[in-house]
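Here's a quick briefing on charge pairs and the ligand site. Have a look at the model first, then read on.

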Amino acid sequence: MAEPARYDIAIVGASIAGCAAAIFFARNGARVALIERDPDLLAYKKLCTHTIQSSATPTLRRLGLTQALDEAGAIRHDAEFHTKWGVIQSATSADYGYNIRRSTLDPLMRRRAITTSGVGYFRGCSVRGLVETNGRVGGVTLVRHQGAEETVLARLVVGADGRNSTVAQLAGMPARAAPNGRIGYFAQYRNLPLPAGARSQMWFLEPDVACVFPSDDDVTVVTAMPSRDRIAEWKSDPEGALRRLFAGLPNAPRLDEGERVTPIMGVLEYPNLSRKAFKPGVALIGDAALCIDPVWAIGCGWALQSAEWLADAVGAAFEDEVEIDQRLALYGRRRRALSGHRCLINDFSSGRPFNLAERLMIAAAARDPACADHFVAFGSRSIGAAQFLRPSALARALWVNARHTLAPPRPAASAAGRTLN
Ligand SMILES: Cc1cc2nc3c(=O)[nH]c(=O)nc-3n(C[C@H](O)[C@H](O)[C@H](O)COP(=O)(O)OP(=O)(O)OC[C@H]3O[C@@H](n4cnc5c(N)ncnc54)[C@H](O)[C@@H]3O)c2cc1C
């Protein structure tokens with residue numbers, strides 16, 4: 001076996017979390033080994049509907065990627081939400097997210113990461129083991145595509161290797177699972193006429209959910225997340241089920257007016273997984289740390305943000321193992337901002353309809369611009385669960401709903417404002 005290579009940081013996985021972390025760490029002056037099992041530089045994540053929430057837009061700006069996203073044709077994401085109380089739409093649009101296909105985004109980010117000074121790219125290398133030094137993790141062993149085994153020593157190993165993280169398994173960081181009561185089906189359509197233009201759309205059908213995400217290159221991602229008890233219907237005829245669903249939605253595109261350019265992909269088992277995100281010598285980011293119901297399209301944003309939080313927490317301390325381990329606790333504290341989201345998302349993913357608090361807030365958001373902004377800030381994960389349900393927001397929602405109930409009936413709604421039954 002060759003002499004071990006020595007780096008400050010070894011990052012396992014060169015998808016969006018790993019590439020973002022590599023850029024941030026290298027900018028701090030660290031020598032970074034970025035290790036990816038897929039030898040294809042154009043590889044991308046297939047199971048994704050390509051929306052990055054606006055909570056991650058500041059991270060994308062810091063990475064210096066927003067201009068490249070615009071040039072690649074990314075659509076600036078803001079959304080309208082169809083509910084049985086009416087349509088929720090942000091009045092102010094404080095910030096926007098991005099809709100960009102992973103076939104565009106992943107190679108773009110990988111190119112940026114591996115051309116960043118200080119990053120060494122281990123292409124087509126699968127991590128199979130961890131090296132232990134001084135009672136803590138101190139590197140990885142990997143197998144090259146051609147079969148040769150190598151060791152990379154590093155003061156910090158970062159698991160950015162996705163939902164089934166090998167790093168987490170090897171480091172003894174088990175996942176806690178919560179069931180998901182919905183299944184998912186999605187496909188890409190080209191030249192699909194969109195009643196809401198470039199705006200993303202989401203329909204809450206309680207318990208089913210449907211979405212449309214206009215994306216780069218005139219491609220629109222069409223998604224359905226039906227309740228698991230409809231699995232037989234969807235499995236036997238996904239195309240028919242998708243068409244029937246969208247034909248019955250207000251202000252929705254008619255799928256036969258566009259050209260479907262991918263197979264309809266089905267996701268039948270996707271329990272929510274979460275792991276403790278660090279231990280001495282190891283940190284997990286992205287899906288490796290938290291992989292949660294795709295209904296809310298938050299995994300990409302959190303993959304980028306968690307990479308930023310980790311690199312910021314470690315800062316320039318990457319030469320001292322003791323200090324690195326102390327600083328991992330800062331990363332853990334930063335991640336606590338996601339706990340409220342995780343609890344609410346886990347609970348909603350049981351496939352239940354909205355609970356009382358959600359009905360209060362969502363009905364008010366459909367009726368009042370300030371409540372709509374508040375709901376959109378929460379849905380885009382720019383504010384946490386505690387802020388979403390803070391007393392003043394609950395009070396305003398109560399007042400809005402009471403005023404609506406007492407008001408005389410309004411004239412018939414427009415097509416766009418038509419409510420779900
Ligand atoms: C149906 C569906 C739709 C989704 N839609 C959205 C959406 O619209 N918006 C959103 O924000 N999120 C969405 N997500 C979630 C999103 O795709 C993930 O959260 C995101 O891709 C996580 O990125 P990551 O970099 O952490 O992991 P991944 O993208 O999974 O990357 C892991 C990388 O690690 C590499 N790797 C794995 N093991 C090893 C190893 N042993 N050695 C070396 N390399 C290794 C892999 O090859 C891969 O490149 C969706 C998920 C699903 C299932």
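How many salt bridges does the structure hold? There are 27 of them, a salt bridge being a side-chain nitrogen of Lys or Arg within 4 Å of a carboxyl oxygen of Asp or Glu. Keep in mind that this is a predicted model, where local features need pLDDT of at least 70, side-chain atom pairs count only at pLDDT 80 or more, and totals for chains, interfaces and linings use all residues. Residues are numbered from 1 along each chain as its sequence is written, and side-chain values use heavy atoms, with hydrogens and water left out.

**Salt bridges**

- D217 pairs with R101, with 3.6 Å between the closest N and O atoms. This one ties together distant parts of the chain, 116 residues apart: D217 sits in the loop between β15 (209–214) and β16 (219–225), and R101 in the loop between β7 (97–99) and α4 (102–114). Helices (H or I, at least four residues) and strands (E, at least two) are DSSP runs, numbered from the N terminus.
- D217 is partly exposed at 47% relative accessibility, while R101 is buried at 12%. Here buried means under 20% relative accessible area, exposed over 50%, and partly exposed in between (1.4 Å probe, protein chains only).
- R144 and E150 form another salt bridge, their closest N and O atoms 2.4 Å apart. R144 is partly exposed at 27%, whereas E150 counts as buried at 18%.
- E323 bridges to R327 at 2.9 Å between the closest N and O atoms. Both lie in helix α9 (residues 321–335), four residues apart, or about one turn of the helix.
- D208, R230, E233, D237 and R244 are linked in a salt-bridge network.

**Ligand site**

- There are 34 residues around the ligand, and E36, T49, T51, D287 and C300 come nearest; a residue counts as near if one of its heavy atoms lies within 4 Å of the molecule.
- A polar backbone atom of R37 is 3.2 Å from a ligand nitrogen. Ligand oxygen atoms lie 3.3 Å from a backbone N or O atom of H50 and 3.1 Å from one of G299.
- The protein covers 94% of the 1000 Å² of accessible area that the ligand has on its own (Shrake-Rupley method, 1.4 Å probe; for residues, only the protein chains shown count as cover).
- Helix α8 gives the largest share of the shell, four residues.

Key. Polar contact = N/O pair within 3.5 Å; in protein donor to acceptor, adjacent residues only side chain to side chain.
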